[in-house]
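Hi everyone, thanks for coming. Let me put the structure up, and then I'll walk you through a few parts of it.

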Amino acid sequence: MKEITGAAFCGACLGLKGTAAPAWIPGQNTLEDKAVPDTGTKREGLVAACGLYCGACPMYLATQSNDEKRIQPLLKRFSTGPMKLTMEDILCDGCLGKGRIASFCKRCEIRACPKDKSNVTLCSDCTDFPCSRITDFNNDGMTHHAEVLDNLRRIREIGIHEWAEFEKDRWERPECRLPMSWYDGECSGCGAPRSDRLFKLTPG
Ligand SMILES: [Zn+2]
């Protein structure tokens, strides 16, 4: 099995089946005491080092919804099968935010890479861009990863703040201003169809 080196989870992962019990028990633990960052003014924290927009990540969106009806199905999918993720593993406040980081991203090599380099926050800041690490991530077959090289080039052009605003606008449905997740076919709030501005979902 290919080793997961990046923030590698996807629509296909959501179909995992199994019977492992979740570590988080409804009614016994609440999310109310967790600090939720002000993402309205700290949107840059939603731009991952790899060029993914965390604001469209199902783990980020479920966490920020603070809604057990969104978190529990996600936990159920990821706590079963080979990954056996716990509640702590899936809760996330964004890659470069100051809060919780999903376990996939906490051990992501791309996220860790800028720590050894001066004046590098994102791959787009790096003189080695695009290196094989980010190119491999872009080409690993996951549809949402296939945008990261283009994203990072755009961030170089317009800056992280403008790009974060652009992505917010791209992933939000104008009908209800609710954000779509990477693999949503329609808006979970108003049922509006997936925007043409988002990458095409492959059937099956
Ligand atoms: Zn909607």
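Predicted model: local features only at pLDDT ≥ 70, side-chain atom pairs only at ≥ 80, totals over all residues.

Residues are numbered from 1 along each chain as its sequence is written, and side-chain values use heavy atoms, with hydrogens and water left out.

Let's begin with helix α7, residues 148-158. Helices here are DSSP runs of H or I with at least four residues, numbered from the N terminus. Which residues of α7 are buried? They are Val 148, Leu 149, Asn 151, Leu 152 and Ile 155, where buried means under 20% relative accessible area, exposed means over 50%, and partly exposed is in between, with a 1.4 Å probe and protein chains only. Just after α7 comes Gly 159, with a positive phi of about 90°.

Next, the zinc ion. Which residues coordinate it? Cys 176, Cys 187 and Cys 190 do, each through SG, at 2.0 to 2.3 Å. Donors are N, O and S atoms within 2.8 Å of the metal (3.2 Å for Na, K and Ca), and as water is not among the atoms, sites may look incomplete. Along the chain, the spacing of the donors is C-x10-C-x2-C. Cys 176 and Cys 187 are both in the segment after α8, 11 residues apart. Cys 176 is partly exposed, at 26% relative accessible area, whereas Cys 187 is buried, at 3%.

Now to helix α1, residues 58-65, where Thr 63 lies. Is Thr 63 buried or exposed? With a relative accessibility of 3%, Thr 63 is buried. Beyond its neighbours within four places in sequence, its contacts (heavy atoms within 4.5 Å) are Ile 71, Ile 90, Leu 91, Cys 92, Asp 93 and Arg 100. Over in helix α2, residues 68-79, we have Lys 76, which is exposed at 61% relative accessibility.

Finally, some backbone details. Most residues other than glycine have a negative phi, and most peptide bonds are trans. Where do we find a cis peptide bond? One joins Phe 129 and Pro 130, with omega about -5°, and Pro 130 sits in the loop between α5 (109-112) and α6. That loop between α5 and α6 also holds Asn 119, which is not a glycine but has a positive phi of about 60°. Asn 119 is exposed, with a relative accessible area of 75%. Arg 177, also not a glycine, has a positive phi of about 60°. You can find Arg 177 in the segment after α8, partly exposed at 42% relative accessibility.

That's my tour; I'm happy to go back to any part of it.

Notes. Helix = DSSP H or I, 4+ residues; strand = E, 2+ residues; numbered from the N terminus.
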